[in-house]
Amino acid sequence: MSNAVLSISDVEVGQELPPRTIHISRASLVQYTGASLDRNRIHWDERFARSVGLPDVIAHGMFTMGSAINIVSDWVGDAGRVVEYGTRFTKPVVVPYESGADVEVTGIVAAVDAQTRRATVDLQAMCGTDKVLGRAVAVVVLG
Amino acid sequence: MAVNVSFTGRTYPPTAPYSVGREKIREFAEAVGAHDVVHIDQVQARARGYRDVIASPTFAVLIAQKCDRQLIEDPEAGIDFSRVVHGEQRFVHHRPITAGDEIVGVLTVDSVKQAGGHAMVTTRSELSTTEGEPVCTATSTLVIRGGE
């Protein structure tokens with residue numbers, strides 16, 4: 001992990017961030033359940049999830065959101081530089097027992113403001129053909 | 001029971017202070033795969049100008065959810081928690097949440113809308129230190145699915 005914060009001179013609109021695939025297993029969801037205190041059973045109890053009409057256990061939207069931002073934090077070089085982050089939860093990520101689920105996260109620079117040294121990044125998170133985050137946007141302060 | 005539309009604009013009293021601990025920051029960062037050392041190593045966090053380790057960008061949900069719970073558990077609000085789905089979440093960080101912070105949240109119900117049998121409630125939690133320094137504004141949209 002580099003200590004250098006990304007400089008505004010190295011950023012331009014249209015630039016793509018290094019993408020990442022997040023593998024989500026049942027163990028990931030149990031770990032996030034404990035850390036986040038969001039203990040809703042739809043995230044770890046298959047029988048319960050099915051009883052409320054879901055196809056299987058689904059990931060916490062906040063787990064996907066919290067994991068997806070890592071490509072931005074790592075790109076800018078300091079997680080403390082992420083000053084805004086928002087998303088819609090458009091589709092659930094279904095996490096089968098055997099295979100788990102893979103979410104592909106990509107990001108592209110949508111705007112750079114030289115005055116405030118801020119860059120806006122549009123994120124995409126896909127699980128198969130499902131777009132699981134909608135209008136996911138982060139703003140970072142560059143060096 | 002229908003969601004109470006008259007709750008729009010309502011503000012709740014500040015929550016009890018949340019003590020931000022180093023180990024909770026580390027635990028949360030690990031759970032979301034945030035490997036920046038700034039969440040883990042206070043020496044390196046200080047070298048970057050922070051007072052101590054800082055939280056990953058969505059950690060504030062721990063405190064925002066405490067704020068939201070005031071509304072969800074308010075019997076007059078008419079919200080059936082088993083029907084609540086998280087629709088949208090946004091954070092504006094005024095400065096990073098840092099180990100050692102004591103944070104209180106003030107919840108405001110920004111809007112309550114009924115649409116197609118569902119209700120959409122947008123809440124805003126203003127998180128600040130007990131000294132009054134603004135830390136984060138967290139906005140959530142909760143969708144309450146209508147009955148069948």
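Of the 143 residues in chain A, 40% count as buried, a label that calls for 20 or more other C-beta atoms within 10 Å of a residue's own, whereas exposed means 12 or fewer and partly exposed falls in between, with C-beta atoms placed from the backbone. All of this comes from a predicted model, in which local features need pLDDT of at least 70, side-chain atom pairs count only at pLDDT 80 or more, and totals for chains, interfaces and linings use all residues. Residues are numbered from 1 along each chain as its sequence is written, while chains are lettered from A and ligands numbered from 1 in the order in which they are written.

Chain A has 4 helices and 6 strands, both taken as DSSP runs numbered from the N terminus (helices are H or I with at least four residues, strands E with at least two). Read from the N terminus, its elements go β-α-α-α-α-β-β-β-β-β. Its C-alpha atoms fill a box of roughly 55 × 30 × 20 Å along the principal axes. Counting contacts as residue pairs whose C-beta atoms, placed from the backbone, lie within 7 Å, 67% of those in chain A with a separation of 6 or more link residues 24 or more positions apart.

Take Arg20(A), which sits in strand S1 (residues 20-24) of chain A. Arg20(A) is partly exposed because 16 other C-beta atoms lie within 10 Å. Leaving aside residues up to four places away in sequence, Arg20(A) touches Ile71(A) and Val105(A). Phe48(A) is 28 residues from Arg20(A) in sequence and 31 Å away in space, C-alpha to C-alpha.

Now for the meeting of the two chains: 27 residues of chain B are in contact with 28 residues of chain A. On the chain B side, helix H1 (22-31), helix H3 (61-72) and strand S2 (84-93) each supply at least two residues. S2(B) gives the most, with 8 residues. Strand S2 (residues 82-89) of chain A pairs with S2(B) in the antiparallel sense over 5 bridges; pairing takes at least two DSSP bridges between the strands. In this arrangement, Gly86(A) stands opposite Arg90(B).

The largest nonpolar core has 79 residues, a core being a set of buried Ala, Val, Leu, Ile, Met, Phe, Trp, Tyr and Cys residues joined through C-beta atoms within 7 Å. H3(B) gives the most to this core, with 6 residues. Among the residues with the most contacts inside the core are Val93(A) and Ala60(B). Apart from residues up to four places away in sequence, Val93(A) touches residues including Ile24(A), Ile58(A) and Val132(A).
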